[in-house]
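Subject: Handover of a structure and its findings

Dear colleague,

Please find the structure below for your files. I would be grateful if you could read the notes that follow with it open beside you.

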Amino acid sequence: MKSQRLNRREFIKTSAASAIGFGIACNDSICVLNQSGELPRIRDYRRLGRTGALISDIGSGVPYSEPVLKTAIDRGVNFIETSETYSNGNNEILVGNVIKNIEREKLFITTKVNLTLGLINSSDDIAARAEESLKRLNTPHIDLYMMHQAQSIVRVADRNFHKACDRLKKEGKIRFRGLSCHGTFWWQEPGGTLEDILMAAIDDGRYDVLFFPYNFLEPDMGERIIQACKSKDIGTMIMKSNPISVFEGYEDILNRGEKLGILEQRDYEKKQVQMGKARDFFRKYRLDDRDKLEKGAYRFILTNKDVSTICCRFRNFSDIEKYVGLSGTTLDTPTAGLLSDFRESLGFLNCRIGCNQCEKSCPVHLPVGTILRYYYYSQSLKERESASRQYRALEGHNTDACRYCRGSCEKACPNDIAIRVLLADANRSLC
Ligand code: SF4
Ligand code: SF4
């Protein structure tokens, strides 16, 4: 890949032009460069399991703008992930516009087909959708074609998906197949947990790469999956790497002291005690912002050499500085202690996403895990608009029942998550 060194002046100029053309909020204070006046470069490339590809340890997940993606590639990011559903296919077009002038072999492009949209999913339909993705991506082949958000064990073995992949592979239109999963949609299809689905995909034998959540809050499940992938030489792409920001939403709720339902009110004191613990934690470590925690969260993952890549969302040039700057780094002992203390002291602040244990005990079958995932998109990834769209479209998302419920979900949650408070805030902010 051709290296492009941008000095400070060129960078600001490029940033300003980009901001005009693509609506990126970018000025000198936002577009931070490192001390030498240039954006950092990728420092570590890892093998993506049996695909044999050497990919950047920091990959691009859901690109946001052409100039930002182009700059990320210039700084050494060679792994790009998108989906037919992101922005109704426009995200693939964005990727296609950027990669058309870049030597194709230097990039690893992955896109996904979503079988949960209520469309007809015959093998011919899936193959036709792959052809559409190829056109939008401006490429003769897709390196990795994935089933998007597999939501049950049954879905893992979807005959039509595999038949389409076999055909596309034979025709040279895709090179490898994969699967992404962030939990079960139990109300649509009966199935196991997130871990059950991923283990089924590993056992299936046809998947070359898996894409799943792994972070320091729930390390055990992720590590079991990563080890199982390693035993079959399956590549690993990581999502939901930074589970921290929900803290702010939690604090807002308590600060507002808004009127809660009668039964929720009963729990209010408990939440205040929890929040007191959170404030003590931040004071103890003199954490004025979340930067140290967030970087630690990514370094925790990078320390695991069996992870192939973390898919990071480069929304702007600052994100390139932030995420690419983490490439090749590992967790130091004090930060490992900080994360471990956070997990022990404040683990109740963040849903682990995908364990779904609370849902079985909910009398009205609310999709708690999915609602809290959308809340995570809004709070942690700051993607309020799309989170809100997904939330409104989610079947059975109405949380009114929680106001008069004793909260059996909270008793079932192994992590003592303040589910009712978070659901109420999700409903308020996403509805
Ligand atoms: S508070 Fe009750 S209704 Fe609401 S998610 Fe929990 S168990 Fe279900
Ligand atoms: S609220 Fe608790 S039980 Fe429910 S998905 Fe989150 S961590 Fe799991």
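Predicted model: local features only at pLDDT ≥ 70, side-chain atom pairs only at ≥ 80, totals over all residues.

Residues are numbered from 1 along each chain as its sequence is written, while chains are lettered from A and ligands numbered from 1 in the order in which they are written.

Overall picture

The protein has 17 helices and 10 strands; these are DSSP runs numbered from the N terminus (helices: H or I, at least four residues; strands: E, at least two). Of its 431 residues, 46% are buried. A residue is buried if 20 or more other C-beta atoms, placed from the backbone, lie within 10 Å of its own, exposed if 12 or fewer, and partly exposed in between. Among contacts with a separation of 6 or more, 78% join residues 24 or more positions apart, a contact being two residues whose C-beta atoms, placed from the backbone, lie within 7 Å.

The buried residues of H4 are Ile 126, Ala 127, Arg 129, Ala 130, Ser 133, Leu 134, Arg 136 and Leu 137. Their cover includes helices H3 (90-99) and H6 (159-170), together with strands E5 (108-114), E6 (142-148) and E7 (174-180). Just after H4, Asn 138 takes a positive phi of about 60 degrees.

H3 packs against H4 at an angle of about 45 degrees, with the axes 7 Å apart. Axes are lines fitted to C-alpha atoms, for helices over the stretch in contact, and angles run from 0 to 180 degrees between N-to-C directions. H3 is therefore oblique to H4; angles under 35 degrees count as roughly parallel, over 145 as roughly antiparallel, 65 to 115 as roughly perpendicular and the rest as oblique. In this contact, Glu 92, Ile 93, Val 95 and Gly 96 of H3 meet Ser 133, Arg 136 and Leu 137 of H4.

Loop residues

Most residues other than glycine have a negative phi. Asn 88, in the loop between strand E4 (79-81) and H3, has a positive phi near 55 degrees. Asn 88 is exposed, because 9 other C-beta atoms lie within 10 Å. Gln 149, in the loop between E6 and helix H5 (153-156), has a positive phi of about 40 degrees. Gln 149 counts as buried, because it has 21 C-beta neighbours inside 10 Å.

Asp 57 lies in the loop between strands E2 (54-56) and E3 (58-61). With 25 C-beta neighbours inside 10 Å, Asp 57 also counts as buried. Beyond its neighbours within four places in sequence, the contacts of Asp 57 include Asp 44, Arg 46, Leu 302 and Thr 309.

Ligands

The residues around ligand 1 include Cys 362, Cys 402, Cys 405, Cys 409 and Arg 420; a residue is near a molecule if its C-beta atom, placed from the backbone, lies within 6 Å of it. Around ligand 2 there are 13 residues, of which Cys 351, Cys 355, Cys 358, Gly 369 and Cys 413 come nearest. Helix H14 (residues 368-379) gives the largest share of that shell, 3 residues.

Yours sincerely
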